[in-house]
Amino acid sequence: VSTSDGAAKLFAETDARFGGVDALIANSGVTGDMVPIEEFDEAKLMTVMAGNVHSLFYCGREAVRRMSTANGGSGGAIVVMSSVASRLGGMRGMLAYTVSKGAADAFTLGMSRELADTGVRINALRPGVIDTSIHAVRGGAAALEQIAKTVPLRRIGQAEEVAEAALWL
């Protein structure tokens, strides 16, 4: 979904298989390499931005084309998966990811205003640290145990908890 053609193909296949779209959970989360800013290059930056930002535009476009009452749709819901990193700065070496999730927040706000009268509702979720395989390359379970000590609930969130919130929205 990080390319225009890829997103269009996904939605066309979804239309063919399910008959349409009434919800989109934009859950792309590319972290990229953990490197300091002085080691970043164009390819590394583009990988993260294409996965986390460009995909919002391409999938958002395809969803709105199908859901918007202005386009003959019956409305729907879009949920953008952001991250607490967009507000707190993220982990060291993950600046591109952090910036991309800030862009996801701006995308959500801008789209909510653009879509206000089209029957399409847009929200974002900003999970904190969630127990997923994304942390395997960053210390895995041991790192999560250390991070849990800094979380008010003293535990790492579970993917199921985030999924429940997204489905509710």
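The paragraphs below walk through the sheet, the helices and a few single residues of this structure. The structure is a predicted model, in which local features need pLDDT of at least 70 and side-chain atom pairs count only at pLDDT 80 or more, while totals for chains, interfaces and linings use all residues. Residues are numbered from 1 along each chain as its sequence is written, and side-chain values use heavy atoms, with hydrogens and water left out.

Helices (H or I, at least four residues) and strands (E, at least two) are DSSP runs, numbered from the N terminus. Three strands make up an open sheet with parallel pairing, in the order 1-2-3. Strand 1 (23–26) and strand 3 (120–125) each have a single partner strand and stand at the edges, so one side of each is left without a neighbour in the sheet. From one strand to the next, the twist averages 10°. Strands of a sheet pair through backbone hydrogen bonds, either parallel or antiparallel. Here, two strands count as paired if DSSP finds at least two bridges between them.

Strand 1 and strand 2 are joined by four bridges in the parallel sense. Within this pairing, I25 has V79 of strand 2 as its bridge partner, and A26 stands opposite V80 in strand 2. One of the pairs here links M81 with L125 in strand 3.

How enclosed are the strands? Accessibility gives a handy way to describe this: buried means under 20% relative accessible area, exposed means over 50%, and partly exposed lies in between (1.4 Å probe, protein chains only). In a regular strand the side chains alternate between the two faces of the sheet. Strand 2 is covered on both faces, with G76, I78 and V80 buried on one side and A77, V79 and M81 buried on the other. Six of the six residues of strand 2 are buried, so this strand is largely enclosed by the rest of the structure. In strand 1, L24 and A26 form a covered face, whereas A23 and I25 form an uncovered one. A124, found in strand 3, counts as partly exposed at 32% relative accessibility. Setting aside neighbours within four places in sequence, A124 is in contact (heavy atoms within 4.5 Å) with V80 and T108.

Next come the helices. Two packed helices are described by the angle between their axes and the distance between the axes. Axes are lines fitted to C-alpha atoms, for helices over the stretch in contact, and angles run from 0 to 180 degrees between N-to-C directions. Helix 4 (residues 95–114) lies across strand 2 and strand 3, and runs at about 155° to strand 3. The axes of helix 4 and helix 2 (residues 42–67) come within 8 Å and cross at roughly 20°. Helix 2 and helix 4 are therefore roughly parallel to each other, where angles under 35 degrees count as roughly parallel, over 145 as roughly antiparallel, 65 to 115 as roughly perpendicular and the rest as oblique. Residues of helix 2 that take part in this meeting include L45, V48, M49 and F57, and those of helix 4 include A96, Y97, F107 and M111.

Helix 2 also packs with helix 1 (residues 4–18), where the axes come within 8 Å and cross at roughly 35°. In this pair, S4, A7, A8, F11, A12 and D15 of helix 1 meet Y58, C59, R61, E62, A63 and R66 of helix 2.

In helix 5 (residues 140–148), the buried residues include G140, L144 and A148. Seen down the axis of helix 5, the buried residues fall within an arc of 75°, so they line one face of the helix; the arc is that of the directions from the helix axis to the C-beta atoms.

A few single residues complete the picture. T98 lies in helix 4 and counts as buried at 10% relative accessibility. Not counting residues up to four places away in sequence, T98 touches A85, S86, G89 and G90. A163, in helix 6, is partly exposed at 37% relative accessibility. A163 and I25 are 138 residues apart in sequence and 9.6 Å apart in space, C-alpha to C-alpha. Finally, R154 lies in the loop between helix 5 and helix 6 (159–168). R154 is exposed, with a relative accessible area of 56%, and has a phi near 60°, a positive value in a residue other than glycine.
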